[in-house]
Amino acid sequence: MDSNFIDYVKLYARSGDGGAGSVHFRREKFVPKGGPDGGDGGRGGHIILRGNKQMWTLIHLKYRKHIKAEHGGNGEGGKRFGLGGSDIYLDVPVGTVAKDSETGEVLLEIMEDGHEQILLPGGMGGQGNAHFATPTNQAPRHAQPGIPGVEKWIILELKILADVGLVGFPNAGKSTLLSVISAAKPEIADYPFTTLVPNLGVVPYRDERSFVVADIPGIIEGAADGKGLGIRFLRHIERNSMLLFMIPTDAKDIKAEYNILLGELEKYNPELLDKQRLLAITKSDLLDEELLAEMEAELPDLPYVYISSVTGLGIQELKDKIWQMLNV
């Protein structure tokens, strides 16, 4: 298991307080009534999230539990403004969602490289007494305090961005397919839950085009209720453009397995059922044409392709079908 893949962190964040405005009067030797000249306080530092396409994990934030931006400086006489507090930039992978820990409200999403969004704004600085002089009050002895910053417990979740999400039970052949159609090298073995973290692969297509496939760790019946690896990785399917269901020919009942997988996705998030779906029937090199024809009567009602990652059967047809569905 790649222990560096972290897709969930919880941290305490606090933006900077605004600086106080100054109460000050101009005092010069030959200006007996110089009037108010208190300057404004500086803005408190923001906490800003920034997308970075070079990152694929939140591990750099796992142990950084408290993040506090700098406070703004206080205003001074001579209408001098206080210094603004330094902003804190947190680089995160593209596909990161920030949520309020208490309410679960989504605060923002980072969807592009270099995209910046203010997670918590710094407090505004207070106005100095120079702003409050009037014909009837030419010597105001008050100024505004700075506005406090914002503090929250924040949850950052990474949802992988891919064109195609591979969905299937453990040992359905998802990792093997990914290793065949892309340069990705996921762990492959003949026991369940070989894949413990999502794997991404870029699949080359005709005329130097390509699409991205995500191998999501295997779903089992009851995953949405916490069995097996639970729903920990189902969030990565939310961002996929289409879903490729993978069921082997030696499954007891292909239609039943498909319905179980569909049911787990629906329990987790019913909107997942709105995505385009394609069925890949794996290990098809084990069957002859007569058996394949018999199977067709028992298949679920969606487009399907017979494939074998070992012999290459149907792999180009599968890529063509995926490209066609992605570009409808």
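This is a predicted model: local features need pLDDT of at least 70, side-chain atom pairs count only at pLDDT 80 or more; totals for chains, interfaces and linings use all residues.

Me: How is a pair of aromatic rings described?

Reply: Such a pair is described by the distance of the centres and the angle of the planes. Here, the ring centres of Phe211 and Trp323 are 6.3 Å apart and their planes stand at 40°, so the pair is tilted. Planes under 30 degrees apart would count as stacked, and over 60 as edge-to-face.

Me: Which parts of the chain does the pair link?

Reply: The pair links distant parts: Phe211 belongs to strand S11 (residues 210-215) and Trp323 to helix H5 (residues 315-326), 112 residues apart. Both Phe211 and Trp323 are buried. Together with Tyr205, Phe211 and Trp323 form one aromatic cluster.

Me: Which residue lies over the face of Trp153?

Reply: That residue is Lys10, at 5.6 Å from the ring centre of Trp153.

Me: Turning to the sheets, what is the strand order in the open sheet of 6 strands?

Reply: The order is S10-S11-S9-S12-S13-S14, and the pairing is mixed. Strand S10 (199-204) and strand S14 (304-306) are the edge strands, each pairing on one side only. From one strand to the next, the twist averages 25°. Helix H5 packs on this sheet and touches S9, S10, S11, S12, S13 and S14; the direction of H5 makes about 175° with that of S13.

Me: How many bridges join strand S9 to strand S12?

Reply: There are 4 bridges between strand S9 (residues 164-167) and strand S12 (residues 242-248), and these strands run parallel. Within this pairing, Val167 stands opposite Phe245 in S12.

Me: What is the order of the open sheet of 3 strands?

Reply: The order is S4-S2-S7, again with mixed pairing. Its edge strands are S4 (88-92) and S7 (116-120), each of which pairs on one side only. Neighbouring strands of this sheet are turned by 30° against each other on average, direction ignored. Strand S2 (residues 47-51) runs parallel to S4, joined by 5 bridges. Arg50 has Asp91 in S4 as its bridge partner.

Me: Finally, does Thr282 count as buried or exposed, and why?

Reply: Thr282 counts as buried because its relative accessibility is 5%, and buried means under 20%. Thr282 is found in strand S13 (residues 276-282). Leaving aside neighbours within four places in sequence, Thr282 is in contact with Ala172, Met246, Ile247, Pro248, Thr249 and Ile307.

Key
Residues are numbered from 1 along each chain as its sequence is written. Side-chain values use heavy atoms; hydrogens and water are left out. Rings of Phe, Tyr and Trp (its six-membered ring) pair if their centres lie within 6.5 Å; planes under 30 degrees apart count as stacked, over 60 as edge-to-face and the rest as tilted. Helices (H or I, at least four residues) and strands (E, at least two) are DSSP runs, numbered from the N terminus. Buried means under 20% relative accessible area, exposed over 50%, partly exposed in between (1.4 Å probe, protein chains only). A charge sits over a ring if NZ of Lys or CZ of Arg is within 6 Å of the ring centre and within 35 degrees of the ring normal. Two strands pair if DSSP finds at least two bridges between them. Axes are lines fitted to C-alpha atoms, for helices over the stretch in contact, and angles run from 0 to 180 degrees between N-to-C directions. Contact means heavy atoms within 4.5 Å.
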